[in-house]
Amino acid sequence: VFNGKLEAPLLFARALTREELASLRDLGNGAPVASEALAHWDFVAEAHTDRVPDRSTYARHARTLNRPLRL
């Protein structure tokens, strides 16, 4: 059970280095390494629907189930 908040998770095909992780934390999702993401779901966008858009170049959009709270 996860009882926290997710805003815009990114999925990568490899483990990131400490420096790459720091760049994501310090610069936000606009960091250069973010362009390598396999998926970048944005839970805030389209919060009024069940659609979760993927901001990566792969457009792997998702849908929410069981009406999770999205603000």
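Reader: Leaving aside its neighbours within four places in sequence, which residues is alanine 37 in contact with?
Author: In this predicted model, once those neighbours within four places in sequence are set aside, alanine 37 is in contact with Leu10, Leu11, Phe12, Ser56 and Tyr58.

Reader: And which residues make up the largest nonpolar core?
Author: That core has six residues, with Ala37 and Phe12 among them, and it also includes Leu16, Leu24, Val33 and Ala34. In soluble globular proteins, nonpolar side chains tend to be buried together.

Reader: Switching to charges, how many salt bridges does the structure hold?
Author: It holds five salt bridges, and one of them joins arginine 14 to glutamate 36, with the closest N and O atoms 2.8 Å apart. This pair links distant parts of the chain, since arginine 14 sits in the loop between β1 (10-11) and α1 (18-27), while glutamate 36 is 22 residues apart from it, in the loop between α1 and β2 (39-40).

Reader: Which residues are linked with each other in a network of salt bridges?
Author: Arg14 and Glu36 are linked in such a network together with Glu20.

Reader: What about aspartate 42, which residue does it form a salt bridge with?
Author: Aspartate 42 pairs with arginine 55, and their closest N and O atoms are 3.5 Å apart. Aspartate 42 lies in the loop between β2 and β3 (51-52) and arginine 55 in the loop between β3 and β4 (62-63), so the bridge ties together parts that are 13 residues apart in sequence.

Reader: Is aspartate 42 buried or exposed?
Author: Aspartate 42 is buried, at a relative accessible area of 18%, whereas arginine 55 is partly exposed, at 47%.

Conventions: Residues are numbered from 1 along each chain as its sequence is written. This is a predicted model: local features need pLDDT of at least 70, side-chain atom pairs count only at pLDDT 80 or more; totals for chains, interfaces and linings use all residues. Side-chain values use heavy atoms; hydrogens and water are left out. A nonpolar core is a set of buried Ala, Val, Leu, Ile, Met, Phe, Trp, Tyr and Cys residues joined through side-chain atoms within 4.5 Å. Buried means under 20% relative accessible area, exposed over 50%, partly exposed in between (1.4 Å probe, protein chains only). Contact means heavy atoms within 4.5 Å. A salt bridge is a side-chain nitrogen of Lys or Arg within 4 Å of a carboxyl oxygen of Asp or Glu. Helices (H or I, at least four residues) and strands (E, at least two) are DSSP runs, numbered from the N terminus.
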